[in-house]
Amino acid sequence: MYSHETKYRVCYGDTDQMGVVYYGNYPRLYEIGRTELMRTLGLSYKEIEAQGIALPVCSLNVRYHRPALYDDVLTIRTIVKDIPNARIQFYYEILNEAGKVINTGDTVLAFIDTQTQRPTRVPETILHLFQENFAVD
């Protein structure tokens with residue numbers, strides 16, 4: 001397992017007229033979390049794309065537990081439970097400042113060769129980074 005936590009302050013543009021984070025913004029928070037998780041491994045999405053690999057989202061699941069409000073500081077906890085192969089699954093827990101879970105979800109992304117537009121196995125460079133950083137439960 002590999003995990004990372006990112007802090008995010010809810011801005012006015014994230015909220016609806018009631019000051020509650022709009023439900024459609026949670027996938028963007030997931031993207032922030034997984035982007036920062038990849039950075040902690042020493043790899044940015046820009047570098048992955050430079051290797052000729054794209055990572056489109058294949059599936060998205062979102063569960064709403066309680067609201068997040070304007071100016072809340074949220075913790076986005078992003079977790080990878082399994083070493084990736086042709087796909088990688090990310091799990092998310094978003095917590096409020098009181099440490100209560102307000103949202104959970106997951107995404108599955110596929111490794112796609114940008115030349116052929118076909119699925120491919122995880123590149124060795126990325127696989128190696130996960131293998132050397134993965135914690136065994």
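Helix α1 comprises 15 residues and spans 21 Å from its first C-alpha to its last, close to the 21 Å expected at 1.5 Å a residue, the expected span being 1.5 Å times one less than the number of residues. The structure is a predicted model, in which local features need pLDDT of at least 70 and side-chain atom pairs count only at pLDDT 80 or more, whereas totals for chains, interfaces and linings use all residues. Residues are numbered from 1 along each chain as its sequence is written, and side-chain values use heavy atoms, with hydrogens and water left out. Helices (H or I, at least four residues) and strands (E, at least two) are DSSP runs, numbered from the N terminus.

Within α1, the buried residues (under 20% relative accessible area, with exposed meaning over 50% and partly exposed in between; 1.4 Å probe, protein chains only) include Tyr26, Leu29, Tyr30, Gly33, Arg34, Thr35, Leu37 and Met38. After α1 comes Gly42, which has a positive phi near 95°.

The loop between β1 (2–9) and α1 (26–40) holds Tyr23, an exposed residue with a relative accessible area of 52%. Together with Tyr22 and Tyr64, Tyr23 makes a nonpolar surface patch of about 360 Å². Patches are made of residues with over 30% relative accessible area and no salt bridge, like charges being joined within 9 Å and nonpolar side chains (Val, Leu, Ile, Met, Phe, Trp, Tyr) within 5 Å. Accessible areas come from the Shrake-Rupley method with a 1.4 Å probe, and for residues only the protein chains shown count as cover.

Five strands are arranged as an open sheet in the order β1-β4-β5-β6-β3, with antiparallel pairing; two strands pair if DSSP finds at least two bridges between them. From one strand to the next, the twist averages 15°, with axes fitted as lines to C-alpha atoms, for helices over the stretch in contact, and angles running from 0 to 180 degrees between N-to-C directions. Strand β3 is joined to the antiparallel strand β6 (residues 101–110) by seven bridges, and Leu60 has Thr107 in β6 as its bridge partner.

In the whole structure, six salt bridges are found. One of them links Asp106 and Arg63, whose closest N and O atoms are 3.8 Å apart. Asp106 belongs to strand β6 and Arg63 to strand β3, so the pair ties together parts that are 43 residues apart in sequence. Asp106 is buried, with a relative accessible area of 8%, whereas Arg63 is partly exposed at 38%. A further salt bridge, with an N to O distance of 2.7 Å, joins the side chains of Glu93 and Arg77. Because Glu93 lies in strand β5 (residues 87–95) and Arg77 in strand β4 (residues 73–80), this pair ties together parts that are 16 residues apart in sequence. Both residues are partly exposed, Glu93 at 26% relative accessibility and Arg77 at 25%. Through salt bridges that share partners, Glu5, Arg77 and Glu93 form one network.

Conventions. Salt bridge = Lys/Arg side-chain N within 4 Å of Asp/Glu carboxyl O.
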